[in-house]
Amino acid sequence: MKHIIHSSEDLGFALRAVRKSAKVRLDDLSQTARVSKQTTANLEKGKPTVQFGKVLQLLKEVGLTLSVDLPESALPALRRIQREALARSMGSLGSDPDERSSVNLAKSVNTKTDHA
């Protein structure tokens, strides 16, 4: 059933409802989702400061999905942004000066240890 979330509290209530209906203890969920018990409790209480990545881990663990209702007009921009991000991740090594210097440093260290 689709349930609209308007706040972090709404999301926390949904997580708690699913967890309790599955008869899963809070500490067991936390352990299997690899987040702290405090993080799980904070999310279930609706605290807005819980790290988003941790929220997604917990939702995934209980089988909940998070989605956005994206307007059709935004789809071309979304696809372009996704393509650009993929291209950056595929070809990023060597494009950023800081990355190049750390790669060169790593190569230099490996070369020196190979010859030592």
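In the predicted model, helices H2 and H4 pack with their axes 9 Å apart and at an angle of about 110°. This angle makes H2 roughly perpendicular to H4, because angles of 65 to 115 degrees are classed that way. On the H2 side the contact involves Leu29, Thr32 and Ala33, which meet Gln57, Leu58, Glu61 and Val62 of H4. By class, the residues of this contact comprise 4 nonpolar, 2 polar and 1 charged. For Ala33, the contacts beyond four places in sequence are with Gln57, Leu58 and Glu61.

Helix H4, residues 52-62, also packs against H3, residues 37-44, at an angle of about 85° and with the axes 11 Å apart. H3 is therefore roughly perpendicular to H4. Thr39, Thr40 and Leu43 are the H3 residues in this contact, and Lys54, Val55 and Leu58 are those from H4. The contact of H3 with H4 has 3 nonpolar, 2 polar and 1 charged residues.

Thr39, located in helix H3, has a relative accessibility of 18% and so counts as buried, the cut-off being under 20%. When neighbours within four places in sequence are set aside, Thr39 is in contact with Val50, Lys54 and Leu58. Of these partners, Lys54 and Leu58 are also listed in the contact of H3 with H4.

In the predicted model, helices H2 and H4 pack with their axes 9 Å apart and at an angle of about 110°. This angle makes H2 roughly perpendicular to H4, because angles of 65 to 115 degrees are classed that way. On the H2 side the contact involves Leu29, Thr32 and Ala33, which meet Gln57, Leu58, Glu61 and Val62 in H4. By class, the residues of the contact of H2 with H4 divide into 4 nonpolar, 2 polar and 1 charged. When residues up to four places away in sequence are not counted, Ala33 touches Gln57, Leu58 and Glu61.

Helix H4 (residues 52-62) also packs with helix H3 (residues 37-44), at an angle of about 85° and with the axes 11 Å apart. H3 is therefore roughly perpendicular to H4. Thr39, Thr40 and Leu43 of H3 make this contact with Lys54, Val55 and Leu58 of H4. By class, the contact of H3 with H4 has 3 nonpolar, 2 polar and 1 charged residues.

Thr39 is placed in helix H3. Its relative accessibility is 18%, so Thr39 counts as buried, the cut-off being under 20%. With neighbours within four places in sequence left aside, Thr39 is in contact with Val50, Lys54 and Leu58. Lys54 and Leu58 also belong to the contact of H3 with H4.

At 2% relative accessibility, Ser30 counts as buried. Residues up to four places away in sequence not being counted, Ser30 touches Val35, Ser36, Lys37 and Thr40. Thr40 is one of the H3 residues in the contact with H4.

Within H4, the residues Val55, Leu58 and Leu59 are buried. These residues cover an arc of only 100° around the axis and therefore lie on the same side of H4. The cover over the buried residues of H4 includes helix H1 (8-21), H2 and H3. Just after H4, Gly63 takes a positive phi of about 85°.

The largest nonpolar core has 10 residues in all, namely Leu11, Leu15, Leu29, Ala33, Val35, Leu43, Val50, Val55, Leu58 and Leu59. H1, H2 and H4 are the elements that give two or more residues to this core. H4 provides the largest share, 3 residues. Leu29 and Ala33, both members of the core, are also residues of H2 that meet H4. Leu43 is likewise a core member and takes part in the contact of H3 with H4. Val50 of the core is in contact with Thr39.

Over the whole chain there are 6 helices and 0 strands, and the pattern read along the sequence is α-α-α-α-α-α. Of the 116 residues in the chain, 17% are buried. Among contacts between residues at least 6 apart in sequence, 45% join residues at least 24 apart.

Methods. Residues numbered from 1 in each chain as written. Predicted model: local features only at pLDDT ≥ 70, side-chain atom pairs only at ≥ 80, totals over all residues. Heavy atoms only, no water. Axes fitted to C-alpha atoms, helices over the stretch in contact; angles between N-to-C directions. Helix = DSSP H or I, 4+ residues; strand = E, 2+ residues; numbered from the N terminus. Parallel < 35°, antiparallel > 145°, perpendicular 65-115°, else oblique. Contact = heavy atoms within 4.5 Å. Nonpolar A, V, L, I, M, F, W, Y, C, P; charged D, E, K, R; others polar. Buried < 20%, exposed > 50% of the residue type's maximum accessible area, 1.4 Å probe, protein only. Arc of directions from axis to C-beta. Core = buried A, V, L, I, M, F, W, Y, C linked by side-chain atoms within 4.5 Å.
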